[in-house]
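Good morning, and thank you for joining. Please bring the model up on your screens, and I shall then go through it region by region.

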Amino acid sequence: MVDTPIIETRKLTRLFKETRAVDALDLTIQPGELFGLVGPDGAGKTSTLRLLAGLLNITEGSASVAGYDLATQAETIKSKIGYMAQEFSLYAKLSVIENLLFFAELYDVNTNQQKERTEKLLSFAGLTEFKNRRALHLSGGMQKKLALACTLIHQPPILLLDEPTTGVDPVSRREFWNILTELHLEGTTILVSTPYMDEADRCSRVGLMYEGKLVKCAPPRQIRAEIKGELVEIHSDHWRDASDLISSLSGVLEIQTYGEALHILVDDGKKRLHQIKKALKKENISYQSARIAPTRMEEAFISLIRQMDGAN
Ligand SMILES: Nc1ncnc2c1ncn2[C@@H]1O[C@H](COP(=O)(O)OP(=O)(O)OP(=O)(O)O)[C@@H](O)[C@H]1O
Ligand SMILES: [Mg+2]
């Protein structure tokens with residue numbers, strides 16, 4: 001049985017003068033999905049989320065959220081969603097608890113429930129011991145967790161999160177995602193934009209936006225599997241020389257450096273690994289390891305964007 005979509009856009013379009021920020025977007029999200037929106041800068045991720053949150057007017061097309069029409073029932077939709085903006089959205093001078101209470105008032109959470117909810121969210125976000133600290137004086141990671149806690153105060157079934165972990169250290173990012181995973185397991189529908197491919201990999205489905213359009217939409221496993229080519233990973237202290245040499249070999253599609261590791265996308269892993277080892281040996285370039293590695297979202301993403309750039 002197929003559920004009724006909880007979010008559905010039909011040819012959703014938003015223009016800013018000549019710019020088609022969102023361009024005839026068809027996006028369907030089922031209840032309970034953890035959906036990752038990725039795409040290069042300016043692809044239209046923020047505009048899409050702001051449209052769905054009722055913060056931007058639609059130019060053309062239509063959308064429904066939680067069964068309500070976005071154009072005519074935006075006020076009803078607001079009670080069903082929690083929206084976290086890409087930029088800082090807290091009250092800097094208010095303390096952690098005051099921010100939570102402010103949002104509780106904003107969303108008409110009744111006074112009896114406020115104490116219980118704020119305590120639960122403080123503990124959920126690991127902020128209990130900082131509850132009297134001003135938002136301004138929290139670390140970046142704590143600010144993001146507080147912003148998420150504020151979007152959860154009215155217990156919305158749908159979360160729209162715009163790059164909620166950008167600029168946050170890896171440990172806080174992981175903690176943040178543990179919270180999202182818990183919410184996902186409780187059945188919350190989450191639409192989250194992210195520049196981090198490891199985060200995209202944690203989603204049940206990923207949509208790639210490019211110039212306002214959704215150019216790919218599939219589970220991460222499928223996106224990784226569809227990538228043309230295989231990945232060869234080389235560790236070498238002489239990675240610059242190795243990179244120069246390898247880039248001239250046939251069958252090499254692209255090379256990325258990660259510290260001293262080279263990630264080489266090739267047409268045929270086994271054949272090219274052999275060829276690369278031979279060439280390195282011939283030029284006396286030593287290496288610690290050379291192996292075929294599993295392709296990751298990062299390679300898939302870069303490869304898809306290259307295809308799109310090439311097609312334009
Ligand atoms: N208020 C605005 N006025 C004019 N143009 C805008 C406005 N908001 C967005 N745009 C333009 O719309 C396009 C999409 O922008 P958007 O912010 O939605 O992209 P994004 O995918 O969120 O990018 P980023 O990854 O940098 O956050 C860009 O070309 C941007 O310059
Ligand atoms: Mg954005």
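I begin with E211, which sits in the loop between β9 (205-210) and β10 (213-218); helices (H or I, at least four residues) and strands (E, at least two) are DSSP runs, numbered from the N terminus. E211 has a positive phi of about 50° although it is not a glycine. Most residues other than glycine have a negative phi. E211 counts as partly exposed because 17 other C-beta atoms lie within 10 Å.

K17 belongs to the loop between β1 (7-16) and β2, and with 5 other C-beta atoms within 10 Å it is exposed.

A word on conventions. This is a predicted model, in which local features need pLDDT of at least 70 and side-chain atom pairs count only at pLDDT 80 or more, while totals for chains, interfaces and linings use all residues. Residues are numbered from 1 along each chain as its sequence is written, and chains are lettered from A and ligands numbered from 1 in the order in which they are written.

Turning to the whole chain, there are eleven helices and 14 strands. Of the 312 residues, 38% count as buried. The C-alpha trace spans about 75 × 45 × 40 Å along its principal axes. The domain assignment, which is automatic or from a database, gives domain 1 (7-221) and domain 2 (228-294). The centres of these domains, taken over C-alpha atoms, are separated by 40 Å.

Next, the interior. A nonpolar core is a set of buried Ala, Val, Leu, Ile, Met, Phe, Trp, Tyr and Cys residues joined through C-beta atoms within 7 Å. The largest has 66 residues, and L100, L146 and L160 have the most contacts inside it. Apart from that core lies another, of 13 residues, among them L231, I264, L265 and V266.

In helix α9 (residues 239-247), the buried residues are W239, A242 and I246. Seen down the axis of α9, these residues fall within an arc of 60°, so they line one face of the helix; the arc is that of the directions from the helix axis to the C-beta atoms. Their cover includes β11 (230-235), β12 (252-258), β13 (261-266) and α10 (269-282).

Not counting residues up to four places away in sequence, M297 touches M197, A200, D201, P220, I223 and R224, where contact requires C-beta atoms, placed from the backbone, within 7 Å. M297 and R224 are 73 residues apart in sequence, yet 5.9 Å apart in space, C-alpha to C-alpha.

Technical notes: Buried ≥ 20, exposed ≤ 12 C-beta atoms within 10 Å, placed from the backbone. Contact = placed C-beta atoms within 7 Å.
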